[in-house]
Amino acid sequence: MPIYDYLCRECGHEFEGLVRKELEIPDCPSCNGSDLEQLLSMPSVHSEARKERSMRAARTRDKVQAKEREYTQRQYELNHDD
Ligand SMILES: [Zn+2]
(Lines give C-alpha, C1' and ligand atoms only; values in the text may rest on other atoms or scores of the structure.)
Protein backbone atom coordinates (compact mmCIF):
# COMPACT_ATOMS: atom_id res chain seq x y z
CA MET A 1 0.00 0.00 0.00
CA PRO A 2 1.43 3.33 -0.95
CA ILE A 3 1.98 6.01 1.63
CA TYR A 4 1.71 9.59 0.55
CA ASP A 5 2.58 12.83 2.22
CA TYR A 6 -0.28 15.26 2.54
CA LEU A 7 -0.52 18.86 3.50
CA CYS A 8 -3.80 20.06 4.96
CA ARG A 9 -4.78 23.39 3.43
CA GLU A 10 -7.12 24.11 6.31
CA CYS A 11 -4.72 23.86 9.23
CA GLY A 12 -1.34 23.41 7.59
CA HIS A 13 -0.80 20.01 9.18
CA GLU A 14 1.51 17.68 7.31
CA PHE A 15 1.00 13.97 7.62
CA GLU A 16 1.52 10.65 5.93
CA GLY A 17 -1.55 8.97 4.65
CA LEU A 18 -1.95 5.37 3.77
CA VAL A 19 -3.95 5.04 0.60
CA ARG A 20 -5.89 1.82 0.43
CA LYS A 21 -7.72 2.49 -2.74
CA GLU A 22 -6.70 4.55 -5.68
CA LEU A 23 -8.00 8.11 -5.49
CA GLU A 24 -8.95 7.64 -1.88
CA ILE A 25 -7.87 10.63 0.12
CA PRO A 26 -7.62 10.45 3.89
CA ASP A 27 -8.90 13.12 6.22
CA CYS A 28 -6.57 15.40 8.10
CA PRO A 29 -5.89 13.77 11.47
CA SER A 30 -5.54 17.19 13.03
CA CYS A 31 -8.72 18.98 11.95
CA ASN A 32 -10.59 16.27 10.03
CA GLY A 33 -10.48 18.50 6.98
CA SER A 34 -10.47 17.03 3.53
CA ASP A 35 -8.92 19.93 1.65
CA LEU A 36 -5.58 18.23 1.23
CA GLU A 37 -2.69 18.69 -1.06
CA GLN A 38 -0.73 15.62 -1.98
CA LEU A 39 2.94 16.35 -1.68
CA LEU A 40 5.34 14.93 -4.18
CA SER A 41 7.74 12.52 -2.64
CA MET A 42 11.22 11.96 -3.94
CA PRO A 43 11.72 8.99 -6.21
CA SER A 44 13.16 6.57 -3.71
CA VAL A 45 15.51 4.72 -6.01
CA HIS A 46 17.41 7.77 -7.13
CA SER A 47 17.57 9.36 -3.73
CA GLU A 48 18.74 6.21 -1.97
CA ALA A 49 22.41 7.17 -2.02
CA ARG A 50 21.64 10.70 -0.91
CA LYS A 51 19.39 9.40 1.87
CA GLU A 52 22.11 7.08 3.08
CA ARG A 53 24.54 9.98 3.19
CA SER A 54 22.21 12.29 5.04
CA MET A 55 21.25 9.52 7.44
CA ARG A 56 24.89 9.02 8.25
CA ALA A 57 25.26 12.73 8.83
CA ALA A 58 22.20 12.71 11.06
CA ARG A 59 23.55 9.79 13.05
CA THR A 60 26.83 11.59 13.63
CA ARG A 61 24.91 14.67 14.69
CA ASP A 62 22.80 12.57 17.07
CA LYS A 63 25.89 11.07 18.60
CA VAL A 64 27.35 14.50 19.25
CA GLN A 65 24.08 15.70 20.73
CA ALA A 66 23.81 12.61 22.91
CA LYS A 67 27.26 13.28 24.25
CA GLU A 68 26.35 16.87 24.98
CA ARG A 69 23.17 15.79 26.72
CA GLU A 70 25.11 13.29 28.79
CA TYR A 71 27.55 15.98 29.84
CA THR A 72 24.77 18.41 30.70
CA GLN A 73 23.00 15.73 32.69
CA ARG A 74 26.17 14.93 34.62
CA GLN A 75 26.80 18.59 35.37
CA TYR A 76 23.24 18.90 36.55
CA GLU A 77 23.60 15.93 38.88
CA LEU A 78 26.85 17.26 40.26
CA ASN A 79 25.30 20.60 40.98
CA HIS A 80 22.09 19.23 42.38
CA ASP A 81 23.38 16.54 44.66
CA ASP A 82 20.84 16.20 47.41
ZN1 LIG B 1 -6.09 19.95 9.00
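Which residue stands opposite isoleucine 3 in β2? The residue is leucine 18, and the views below place this pair in its setting.

**View 1. Overall architecture of the predicted model.** This is a predicted model, in which local features need pLDDT of at least 70 and side-chain atom pairs count only at pLDDT 80 or more, whereas totals for chains, interfaces and linings use all residues. Residues are numbered from 1 along each chain as its sequence is written, and side-chain values use heavy atoms, with hydrogens and water left out. The protein contains one helix and three strands, arranged from the N terminus as β-β-β-α. Helices (H or I, at least four residues) and strands (E, at least two) are DSSP runs, numbered from the N terminus. The mean pLDDT, the predictor's confidence in each residue on a scale from 0 to 100, is 82 for the protein, and 84% of the residues reach 70 or more. Confidence is lowest in helix α1 (residues 44-79), with a mean of 80, and highest in β3, at 89. Of the 82 residues, 11% count as buried; buried means under 20% relative accessible area, exposed means over 50%, and partly exposed lies in between (1.4 Å probe, protein chains only). Among contacts with a separation of 6 or more, 29% are between residues 24 or more positions apart, where contact means heavy atoms within 4.5 Å.

**View 2. The three-stranded sheet.** The strands form an open sheet in the order β2-β1-β3, with antiparallel pairing; two strands pair if DSSP finds at least two bridges between them. β2 (14-18) and β3 (36-39) are the edge strands, each pairing on one side only. From one strand to the next, the twist averages 40°, with axes taken as lines fitted to C-alpha atoms (for helices over the stretch in contact) and angles running from 0 to 180 degrees between N-to-C directions. Strands of a sheet pair through backbone hydrogen bonds, either parallel or antiparallel.

View 3. Five bridges join β1 to β2, and the two strands form a hairpin with five residues between them. In the turn of this hairpin, glycine 12 has a positive phi of about 80°. On the other pairing, four bridges connect β1 (residues 3-8) with β3, again in antiparallel fashion. Aspartate 5 faces leucine 39 of β3 as its opposite residue, and cysteine 8 stands opposite leucine 36 in β3.

**View 4. The zinc site.** The protein donors of the zinc ion are Cys8 (SG), Cys11 (SG), Cys28 (SG) and Cys31 (SG), at 2.3 to 2.4 Å from the ion. Donors are N, O and S atoms within 2.8 Å of the metal (3.2 Å for Na, K and Ca); water is not among the atoms, so sites may look incomplete. The arrangement is tetrahedral because the four donor atoms subtend angles of 107 to 115° around the zinc ion; four donors count as tetrahedral if all angles lie between 85 and 135 degrees, four count as square planar and six as octahedral if opposite donors are over 155 degrees apart and all others between 65 and 115, and anything else is irregular. The donor residues follow the spacing C-x2-C-x16-C-x2-C in sequence. Cysteine 11 lies in the loop between β1 and β2 and cysteine 28 in the loop between β2 and β3, so this pair ties together parts that are 17 residues apart in sequence. Cysteine 11 is partly exposed, at 39% relative accessible area, whereas cysteine 28 is buried, at 0%.

**View 5. Asparagine 32 in the loop between β2 and β3.** Asparagine 32 belongs to the loop between β2 and β3 and is exposed, with a relative accessible area of 59%. Although not a glycine, asparagine 32 has a positive phi of about 65°. Most residues other than glycine have a negative phi, and most peptide bonds are trans.

View 6. Leaving aside neighbours within four places in sequence, proline 2 is in contact with Gly17, Leu18 and Val19. The C-alpha atoms of proline 2 and glycine 17 are 8.5 Å apart, with 15 residues of separation in sequence. Leucine 40, in the loop between β3 and α1, is exposed at 83% relative accessibility. Leucine 40 and tyrosine 4 are 36 residues apart in sequence and 8.0 Å apart in space, C-alpha to C-alpha.
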